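Here is a briefing on the structure shown below.

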Protein chains: 2
Amino acid sequence: MEENLTPRRPSPVPERVLWSYLVQIASALKVIHNAKLAARCIDVTKVILTDKNRVRLSACAVLDVLHLEARRPVEDLQQEDFLHLGKLILGIATNTLPRNIQDIWASLDQLGRVYSPDLKDRVSWLLSPLSPQTPNATSPTGAQPPKTAEQLLFDLAQHTADLLDASFNLQDETTAYLGRELENGRLFRLAAKLGVINERPEFDGDPNWSETGERYTLKLFRDYVFHQVDAAGNPIVDLGHVVSCLNKLDVGVDEKVYLTSRDNQTAFIVSYKELKKQAQTAFGDLLKGSSSSKQQQQQQSGRAGY
Amino acid sequence: MEENLTPRRPSPVPERVLWSYLVQIASALKVIHNAKLAARCIDVTKVILTDKNRVRLSACAVLDVLHLEARRPVEDLQQEDFLHLGKLILGIATNTLPRNIQDIWASLDQLGRVYSPDLKDRVSWLLSPLSPQTPNATSPTGAQPPKTAEQLLFDLAQHTADLLDASFNLQDETTAYLGRELENGRLFRLAAKLGVINERPEFDGDPNWSETGERYTLKLFRDYVFHQVDAAGNPIVDLGHVVSCLNKLDVGVDEKVYLTSRDNQTAFIVSYKELKKQAQTAFGDLLKGSSSSKQQQQQQSGRAGY
């Protein structure tokens, strides 16, 4: 009980997540700085976290608009970006809001106790004094040449490669899902097409659409797909059967299917190939008879894949 | 005409594609070498190109199995991996099969005429003599310390970052597509469910399923979704209408829908919410009556999301 009552320290952010943030923002800074701009808004309130540890910079350019008058050299602002990035990572690592960090170097020590020396080095490099602040660039105050995003990415090389691996894996996974779901779209269009063809009330009197015409087989096929019953007459509900039948219809395989009328008086043996042709003709007739505009029809047939 | 007849030189592979291959294989080598293994099969016939310039190593470990007896130190094989990678890139860049390259350094000059010096440096580093071949490592023959995948990735840092950007962008695009397509599975399941419920022949005599029962509204709703006609009685074929109706049904919105019987004698005003409830009850009844095993039912309802 007591354990639950004492306020617990939140568990620290995993190190690889911090590396991932660093790499992503460094990569963004490279693009921004190469365009002779500065991000300026690298702040815990402006960096957006989206799915799977992706971070995105928001509100870039807002300060450029707001402080149009007080123009500072873009080189200064670029160097400030690195300082802000360092503070951001430091804040996340020590679970403190950057504005609440009193002593940067004490916080850095705190970071070093949880994370690897490598990460501490990177953050300390980001936070180290900017050379423009020390006018005498060759002074022995430890100031260094201006930081560049290229240099940062260089130092992050191994972590960039790790992130790339992870990104590729995620990409493979998403593509596999997408492949599966694309099939669903195809099946849904086919099911909708069958729905549009079958049981149309307005063609009740039309001989082409009558129970003796070839649309009749499509109706019996519908029964075959959706209304399977077992020997005792109990319904069989099996989505697998529906999917497999519709897939065969979509491809138009040579396999034959045995269809019986509801009164069991008539039986047909048709191949999926013939059924596909019939469905196409029936749907084509509907489109021709359709009152919607020519353009809509074209869209429709485009979307339906015919 | 003559232009078409004279054999044309194929246009060279874009440089960023070569960098992408280098980064990807270097990244794979890092994993393989860290596992104290060697790839051994970095060959133009074994590296598989999949979509969007992704490359994958195949046949790794085959040589380990085939030449189990003739074991060579894994360090040698690892160094050979880099040489093979260099030859692979050189072959692609000069459009020659690696085994047809007579003079590596002449080919490298040819590469340098088309591509940047940076790329030439990388390939030349990969092709440079291996130190294990010169037993005296400190000899002045220009031999260098053993190559590592880490070193290679380090030198490729900027290109890794570029590739990461491209990968992230592709990921965003695929995720957007996936978001759009995910809906399809849901819609298809719903359409299949309606297909199973409506026009069931074996319930013709059952009062619950009769034309006066509540399943009747579902039948009229089916007509409403799929069999729209205009004022002149011409069919309207509009997949958008079908999708929008099924989406509303799936959510069970409060919106009301006006359904008329085929003889225009009866009219109902039902909300999608009620229709959804009716569809669920009807489908549940079917599942209860279904002769398929309990397990199948559970699978079914699991897959159907109920």
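Over all chains, a search of the whole structure finds 26 salt bridges. The model is a predicted one. Between chain B and chain A the count is six salt bridges.

**Salt bridges**

- A:Lys273 and A:Asp254 join their side chains in a salt bridge, at 3.9 Å from N to O.
- This pair links distant parts of the chain, 19 residues apart. A:Lys273 sits in helix H11 of chain A. A:Asp254 sits in the loop between H10 and strand S3 (256-260) of chain A.
- The pair counts as a salt bridge because the cut-off is 4 Å between a side-chain nitrogen of Lys or Arg and a carboxyl oxygen of Asp or Glu.
- A:Asp172 and B:Arg56 also form a salt bridge through their side chains, with N to O at 3.0 Å.

**Interface of chain B and chain A**

- Contact involves 74 residues of chain B and 74 residues of chain A.
- About 6300 Å² is buried between the two chains. Carbon and sulfur atoms give 61% of that area.
- Which three residues supply more than any other three of the area that chain B buries against chain A? They are B:Phe188, B:Val237 and B:Leu239, with 12%.
- Across the interface, 18 residue pairs are in polar contact, both residues being at pLDDT 80 or more.
- Several elements of chain B each supply at least two residues to the side that touches chain A. Among them are helix H2 (15-34), strand S2 (54-57), helix H9 (215-226) and helix H12 (294-304).
- H8(B) gives the most to that side of chain B, with 28 residues.
- By class, the side of chain B that touches chain A holds 32 nonpolar, 23 polar and 19 charged residues.

**Helix packing between the chains**

- Helix H8 (residues 157-197) of chain A packs with H10(B) at an angle of about 105°. Their axes are 11 Å apart.
- H8(A) and H10(B) are therefore roughly perpendicular to each other.
- From H8(A), the contact uses A:Phe188, A:Arg189 and A:Ala192. From H10(B), it uses B:Leu239, B:Val242, B:Val243 and B:Leu246.
- By class, this contact of H8(A) with H10(B) has six nonpolar, no polar and one charged residues.

**Helix packing within chain A**

- Helix H10 (residues 239-251) and helix H11 (residues 272-289) of chain A pack at about 75°, with axes 7 Å apart.
- H10(A) and H11(A) are therefore roughly perpendicular to each other.
- On the H10(A) side, the residues are A:Cys245, A:Lys248, A:Leu249, A:Asp250 and A:Val251. They meet A:Tyr272, A:Leu275 and A:Lys276 in H11(A).
- The contact of H10(A) with H11(A) divides into five nonpolar, no polar and three charged residues.

**A:Pro98**

- Where does A:Pro98 lie? A:Pro98 is in the loop between helix H4 (74-94) and helix H5 (104-114) of chain A.
- Neighbours within four places in sequence aside, A:Pro98 is in contact with A:Val44 and A:Lys87.
- A:Pro98 and A:Val44 are 54 residues apart along the chain, and their C-alpha atoms are separated by 7.5 Å.

Conventions: Residues numbered from 1 in each chain as written. Chains lettered and ligands numbered in written order. Predicted model: local features only at pLDDT ≥ 70, side-chain atom pairs only at ≥ 80, totals over all residues. Heavy atoms only, no water. Contact = heavy atoms within 4.5 Å. Buried area = accessible area lost by both parts, 1.4 Å probe. Polar contact = N/O pair within 3.5 Å; in protein donor to acceptor, adjacent residues only side chain to side chain. Helix = DSSP H or I, 4+ residues; strand = E, 2+ residues; numbered from the N terminus. Nonpolar A, V, L, I, M, F, W, Y, C, P; charged D, E, K, R; others polar. Axes fitted to C-alpha atoms, helices over the stretch in contact; angles between N-to-C directions. Parallel < 35°, antiparallel > 145°, perpendicular 65-115°, else oblique.
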